[in-house]
Amino acid sequence: MATIGFEISPDFGYVFLVFIGIFALHMWQFAKVMNMRKKFKVEYPALYSVKHPMFNCCQRVHQNTLENLPFAITALLLAGFKHPRLATAFGSLWIVGRVVYSLGYYSGNPKQRLPGAYIAFVAQLLLLVCVVSGAGGVLGWW
C-alpha cells in the first residue's frame, strides 16, 4: 500500500480566516438569541416561545446554522487542502449567505430567509465539488 504526502499551501491561511468568520457568525447569532431571550423573558430550557414569534425566528436562525455547521466546516477544511483559494471564496460566500438568511429571518417574515438559504446552499455545493476534486486527486482518478 502506497502512502501519500502533501504540503499545505500558504494560501490555506485564508481558509483559517474563513473559519474565524464562521465563528464570528455563530457568536453574532448566539448574541441575538440571548438578547431576544432577555427581551421576551423566554426562560431556559424552552427552545421556542408560544407567545413571541420573533424570538422563534431568531432561535431558528441560530439552530439552522448549527445544523449546517458540521458539513460547512468539514467541507471548507477538506476543500482547502487542494483548492485553498476556491475554498476561501466559497466559504466566504457561505458566510454571506448565512448573513442574508439571518437578516431575512430577523425581519419577522420567515420567507425572507430564502435568498440567503439559496446562496448558502450553492456555496455548500461548490465546496463539495472541491472536496470531490481533492478526493479524486488523492485516489489517482485525475
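Guide: Let us begin at the end of the chain: Trp-142 is found in the segment after α4. The model is a predicted one.

Visitor: Is Trp-142 buried or exposed?

Guide: Trp-142 is exposed, because its relative accessible area is 58% and the cut-off for exposed is over 50%.

Visitor: Which nonpolar patch residues accompany Trp-142 on the surface?

Guide: The nonpolar patch consists of Phe-71, Leu-93, Val-96, Val-100, Phe-121, Val-122, Leu-125, Leu-128, Val-132, Leu-139, Trp-141 and Trp-142. Together these residues have about 1100 Å² of accessible area.

Visitor: Which helices each supply at least two residues of that patch?

Guide: Those are α3, residues 84–106, and α4, residues 114–138. The largest share comes from α4, with 5 residues.

Visitor: Let us take Leu-93 from that list. Where is its place, and how accessible is Leu-93?

Guide: Leu-93 sits in helix α3. Its relative accessibility is 31%, so Leu-93 counts as partly exposed.

Visitor: What is Leu-93 in contact with, leaving aside neighbours within four places in sequence?

Guide: Leu-93 is in contact with Ile-119 and Ala-123. As for a distance, Leu-93 and Val-33 are 60 residues apart in sequence, and their C-alpha atoms are 23 Å apart in space.

Visitor: Back to α4 for a moment. What about Tyr-118: buried or exposed?

Guide: Tyr-118 lies in helix α4. Tyr-118 counts as exposed because its relative accessibility is 55%, and over 50% is what that class requires.

Visitor: How far is Tyr-118 from Gly-136, C-alpha to C-alpha?

Guide: The distance between Tyr-118 and Gly-136 is 27 Å in space, for a separation of 18 residues in sequence.

Visitor: Changing topic: how many salt bridges does the count come to?

Guide: The count comes to 2 salt bridges. One of them joins Arg-85 to Asp-11, with the closest N and O atoms 2.8 Å apart. That pair links distant parts of the chain: Arg-85 belongs to helix α3, while Asp-11 belongs to the segment before α1 (12–40), and the two are 74 residues apart.

Visitor: And is Arg-85 buried or exposed?

Guide: Arg-85 is exposed, with a relative accessible area of 59%.

Visitor: Which residue forms a salt bridge with Arg-60?

Guide: The partner of Arg-60 is Glu-67, and their closest N and O atoms are 3.2 Å apart. Arg-60 has 24% relative accessibility and therefore counts as partly exposed. Glu-67 is also partly exposed, with a relative accessible area of 44%.

Visitor: Now Gln-59. Where is its place, and is Gln-59 buried or exposed?

Guide: Gln-59 is located in helix α2, which covers residues 53–82. At 6% relative accessibility, Gln-59 counts as buried, because the cut-off for that class is under 20%.

Visitor: What does Gln-59 touch, not counting residues up to four places away in sequence?

Guide: Gln-59 touches Val-33, Arg-37, Leu-47 and Tyr-48.

Visitor: What share of the residues is buried, and what share of the contacts comes from residues 24 or more positions apart?

Guide: Buried residues make up 37% of the 142 residues. Among contacts with a separation of 6 or more, residues 24 or more positions apart account for 68%.

Visitor: One last topic: the accessible surface and the charges. What are the totals for the chain?

Guide: The accessible surface comes to about 8600 Å², and carbon and sulfur atoms hold 70% of that surface.

Conventions
Residues are numbered from 1 along each chain as its sequence is written. This is a predicted model: local features need pLDDT of at least 70, side-chain atom pairs count only at pLDDT 80 or more; totals for chains, interfaces and linings use all residues. Side-chain values use heavy atoms; hydrogens and water are left out. Buried means under 20% relative accessible area, exposed over 50%, partly exposed in between (1.4 Å probe, protein chains only). Contact means heavy atoms within 4.5 Å. Accessible areas come from the Shrake-Rupley method with a 1.4 Å probe; for residues, only the protein chains shown count as cover. Patches are made of residues with over 30% relative accessible area and no salt bridge: like charges are joined within 9 Å, nonpolar side chains (Val, Leu, Ile, Met, Phe, Trp, Tyr) within 5 Å. A salt bridge is a side-chain nitrogen of Lys or Arg within 4 Å of a carboxyl oxygen of Asp or Glu. Helices (H or I, at least four residues) and strands (E, at least two) are DSSP runs, numbered from the N terminus.
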